[in-house]
Amino acid sequence: MLKNPATKYRPFAAVPLTDRQWPSRSITRPPIWMSTDLRDGNQALIEPMSPEKKLRFFEMLVKIGIKEIEVGFPSASQTDFDFVRMLVEENRIPEDVTIIVLTQARDELIRRTVESAVGAKRAIVHVYNSVAPVFRRVVFNMERDEIVQIAVKGTQLIKELVAQHPQTQWGLEYSPESFSTTELDFSKQIVDAVSSVWQPTPQNPMIVNLPSTVEASTPNVYADQIEWMCRHLERRESLVISVHPHNDRGTAVAAAELAVMAGADRVEGCLFGNGERTGNVDLVTLAMNLYTQGIAPGLDFSDIDAVRQLVEECNQLPVHPRHPYAGDLVFTAFSGSHQDAIKKGFAKQDKDGIWEVPYLPIDPADLGRSYDAVIRVNSQSGKGGMAYLLAQEYGLELPRRLQIEFSRAVQRMADETGREVAAASIHALFSQEYLEQDTPYDYVSHRMVEDSAHGVQIDLNVARHHVPQALHGEGNGPIDAFVNALGLDIRVMDYHEHAIGRGADARAACYVELRVGSGQTLFGVGIDSNIVTASFRAVLSAVNRHMAAAGAGEAAIAA
Ligand SMILES: CC(=O)SCCNC(=O)CCNC(=O)[C@H](O)C(C)(C)COP(=O)(O)OP(=O)(O)OC[C@H]1O[C@@H](n2cnc3c(N)ncnc32)[C@H](O)[C@@H]1OP(=O)(O)O
Ligand SMILES: CC(C)C(=O)C(=O)O
């Protein structure tokens, strides 16, 4: 890299607009969406789509609700020409969808382009020529007026040709290519010249598409350019102002949004931001950004995974795992504090209320994505993540102090493997740590009698080191009687229970926090179809865990 990049690169020029209005506007409705996936997206692929793939893509665009679809560059290849003919001749274009066909402003290409769409109910011929100084100088070696003539002559020819096919309702879209790096007065001059030939009306408007063919400035400058054009163009009431942002600086979404605030009526882009170089603006992100502001975007991404899969298959390009709204990992939290906040957010979220879950700008369910994938556990996770997974997948609602205790074991596992820990592994570890602790004490059976005068009396059968033992105890409740029957120096400090499942198959989960002698407390867990048995199992689980811990012999807890 250069020490002084100013010797090679120029800063972009500011727009002379001192009373700009767009910064204080907000977006209150969606723009007209135009998908150029089958044209700008397709021309940027390593392997352009086959006609079958194009058709599947087209049908998906229709299904999600796009009403304007640029279906190709028919003069560029027989494949594109045939694809447009197939759509027309096989009557595959729904009543409310308009196709757009792109052409350079060159006579023979225009003729072929118009020919491709003849017979469609509605079609828009999209004509372009590049207008920026570098193109004028380097590519065309022409003065401004000659460049204007390319656009004017092209428009005249289109007007003449479409008049010969009145059964189709024709529209015109004109793009001064590389608009964002062109002098504004020249862009205005050429657009006005085109519209004076086409003579649009408010009922039959002309689309003026103002592309950032190569994104070269911050989005506010693009917004200034759009506002300037909206304020200076002739016949504004008969024009649909469209934007076509590319993403060279990584700010195409912001540029499109600010351009809409600046007066653009329509946005052209591709799903998930495919397109030349760093891509066209991503229509999915734009639509979902509106949705999260409470504005219906008019596009349906309620099964976003299916849309993404089809796009990936057709484009042969992966969507990044962190791509807004659609990436594999965007509804996943690994870090502990995020998991904790999300878990609390889900618990507090009112089903019919305003969405307020920390760290999640949108309810994943609205995109057809499940909550299950939201929280995943690795070495960066705290107790919240594993507690969420045990609750979601296994119906186990661990009390807070047990979460803290068990999360140490999960953390050890994550540190040792250096990998993500799946819910099944967490559950296996939980079972091993709490539910499968059966030595020295294993519960066998009990009989209990309760009366108001004597409290609870229990006859208990346990196996101690696999040797059956019959014990008897009394107490003021089942757990008290059970603990007395065991005859150990233990105290139950805390107790939680809940049902797992419903109806005949329901089981009880009991969590008991036990203090052994004067030592630290620890938890035991019992699961059984009988709630009292579950609590006994929980006490024995804690006793066995204590004894299994280093150095704790049976004698240490004798009463
Ligand atoms: C920003 C964009 O995405 S614009 C869309 C770009 N997409 C594509 O180009 C994909 C399809 N394109 C193609 O298949 C070909 O380029 C074609 C069929 C359109 C034209 O092919 P060719 O006639 O071989 O020309 P080529 O591709 O070399 O284009 C360069 C020529 O077009 C001229 N040209 C380029 N743009 C325009 C324009 N908008 N209007 C008029 N002439 C133009 C150039 O001056 C050059 O002319 P020259 O050969 O006399 O010097
Ligand atoms: C043809 C135009 C609209 C284009 O694709 C661009 O400028 O990027």
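This is a predicted model: local features need pLDDT of at least 70, side-chain atom pairs count only at pLDDT 80 or more; totals for chains, interfaces and linings use all residues.
Two strands count as paired if DSSP finds at least two bridges between them.

Stop 1: Select β9, β10 and β11. They form an open sheet of three strands, in the order β9-β10-β11, and the pairing is antiparallel. β9 (441-451) and β11 (467-475) are the edge strands, each pairing on one side only. From one strand to the next, the twist averages 15°.

To see a bridge, pick Ala463; the partner in β11 is Pro468.

**Stop 2: helix α15.** Select residues 423-435, which make up α15. Colour Ile426, Phe430 and Tyr434, which are buried. Because these residues cover an arc of only 40° around the axis, they sit on the same side of α15. Turn to the other side of the helix, where Ala424 and Gln432 are exposed.

What covers the buried residues? Show α13 (383-394), α14 (400-417), β14 (521-528) and α17 (531-548), which are included in that cover.

**Stop 3: ligand 2.** Centre on ligand 2 and select the residues around it: Asp40, Tyr128, Ser175, Glu177, Asn209, Pro211, Thr213, His244 and His246. The elements giving two or more residues to this shell are β5 (169-177) and β6 (206-212). Coloured by class, the shell shows two nonpolar, five polar and two charged residues.

How values were computed. Residues are numbered from 1 along each chain as its sequence is written. Chains are lettered from A and ligands numbered from 1 in the order in which they are written. A residue is near a molecule or strand if its C-beta atom, placed from the backbone, lies within 6 Å of it. Helices (H or I, at least four residues) and strands (E, at least two) are DSSP runs, numbered from the N terminus. Ala, Val, Leu, Ile, Met, Phe, Trp, Tyr, Cys and Pro count as nonpolar, Asp, Glu, Lys and Arg as charged, and the others, Gly among them, as polar. Axes are lines fitted to C-alpha atoms, for helices over the stretch in contact, and angles run from 0 to 180 degrees between N-to-C directions. A residue is buried if 20 or more other C-beta atoms lie within 10 Å of its own, exposed if 12 or fewer, and partly exposed in between; C-beta atoms are placed from the backbone. The arc is that of the directions from the helix axis to the C-beta atoms. Two residues are in contact if their C-beta atoms, placed from the backbone, lie within 7 Å.
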